Amino acid sequence: MSANTRPEPPTFADWNGDAAAARETQIQLAARVRLEDDFGVLRLIAGVDVGFEEGGRITRAAAVLLDAETLEVQAQALARIPTRMPYIPGLLSFRELPAVLQALDALGATPDLVFSDGHGIAHPRGLGIAAHLGVITGLPTVGVAKKILTGVHEPVGETRGEQADLLDRQGRMIGTVLRSKDRVRPLIISPGHRVSLTTAPELVMRYVTRYRLPEPTRLADRLASRRDEKRTGGAAD
């Protein structure tokens, strides 16, 4: 995907401790987010997720590339890099994206759509990791989060596919609270870039099989969290 990837912002390469500057960068990048459907036929889709090793000193990003029709895995990649900044609420993308970009580049093909474990525009400054990733790469992205970062919503029905609008303080829609399976905790879906608010949850449900998470982020989560390695007691690579 190198052809679509832009150079990393300076804050990625050299964290200087200035959280205020990072927040200002988020505001500037959020203004570049496009919330209309701007993608063609989906042939390849990707999922990305991040975990940490050595007490947080190493960032471990996983990217998985799937055939959009069969959901067969075409490629997967891991990137391990020294963690460049501490955890700061609302600035998670600055901490995680350097490794995510490396993992995506290592896939060897450009996905038509990326699902990211985390938020898109459902973020206090409108730039969660999925939106941040979309803006700096130009790729269509969707955020698939497990819990709310900001916003309120009406109750969601218990049946698969039930959903409610996630609203900000001004009453504007910033995402969808989606029940992906009967009687499981709902997911928080928000567009990242080049995907509309209406289409984002439809895309997620298209790729939900028998699990709570859609396949792209489910497989990336499994790789990033080293779940298979822990289950077998062996090394992942």
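Helix α6, spanning residues 215–224, is largely enclosed by the rest of the structure, because 9 of its 10 residues are buried. Buried here means under 20% relative accessible area, while exposed means over 50% and partly exposed covers the range in between, with a 1.4 Å probe and protein chains only. Helices are DSSP runs of H or I with at least four residues, strands are runs of E with at least two, and both are numbered from the N terminus. The buried residues of α6 are Glu215, Pro216, Thr217, Arg218, Leu219, Ala220, Asp221, Leu223 and Ala224. Aspartate 221, which is found in this helix, counts as buried because its relative accessibility is 12%.

The structure is predicted, so local features need pLDDT of at least 70 and side-chain atom pairs count only at pLDDT 80 or more, whereas totals for chains, interfaces and linings use all residues. Residues are numbered from 1 along each chain as its sequence is written, and side-chain values use heavy atoms, with hydrogens and water left out.

The protein as a whole contains 7 helices and 8 strands, and 54% of its 237 residues count as buried. Its accessible surface comes to about 10900 Å², with 48% belonging to carbon and sulfur atoms; such areas come from the Shrake-Rupley method with a 1.4 Å probe, and for residues only the protein chains shown count as cover. A contact means heavy atoms within 4.5 Å. Among contacts between residues at least 6 apart in sequence, 65% join residues at least 24 apart.

Another enclosed helix is α4. Here 9 of the 9 residues are buried, so α4 is largely enclosed by the rest of the structure. After α4 comes glycine 138, with a positive phi near 85°.

Two packed helices are described by the angle between their axes and the distance between the axes. Helix α3 (residues 92–105) packs against helix α4 (residues 129–137) at an angle of about 50°, and their axes are 10 Å apart. The axes are lines fitted to C-alpha atoms, for helices over the stretch in contact, and the angles run from 0 to 180 degrees between N-to-C directions. This makes α3 oblique to α4, since angles under 35 degrees count as roughly parallel, over 145 as roughly antiparallel, 65 to 115 as roughly perpendicular and the rest as oblique. On the α3 side, Ser93, Phe94, Glu96, Leu97, Val100, Leu101 and Leu104 meet Ile129, His132, Leu133, Ile136 and Thr137 of α4.

Strand β2 holds alanine 63, which is buried because its relative accessible area is 0%. Residues that alanine 63 touches, not counting those up to four places away in sequence, include Gly47, Val48, Ala75 and Leu104. Valine 50 lies 13 residues from alanine 63 in sequence and 9.0 Å from it in space, C-alpha to C-alpha.

Two loop residues complete the picture. Leucine 71 is not a glycine, yet its phi is positive at about 65°; this leucine is found in the loop between β2 (58–67) and β3 (73–82). Arginine 194, in the loop between β8 (187–193) and α5 (199–206), also has a positive phi, near 60°. Arginine 194 counts as buried because its relative accessibility is 19%.
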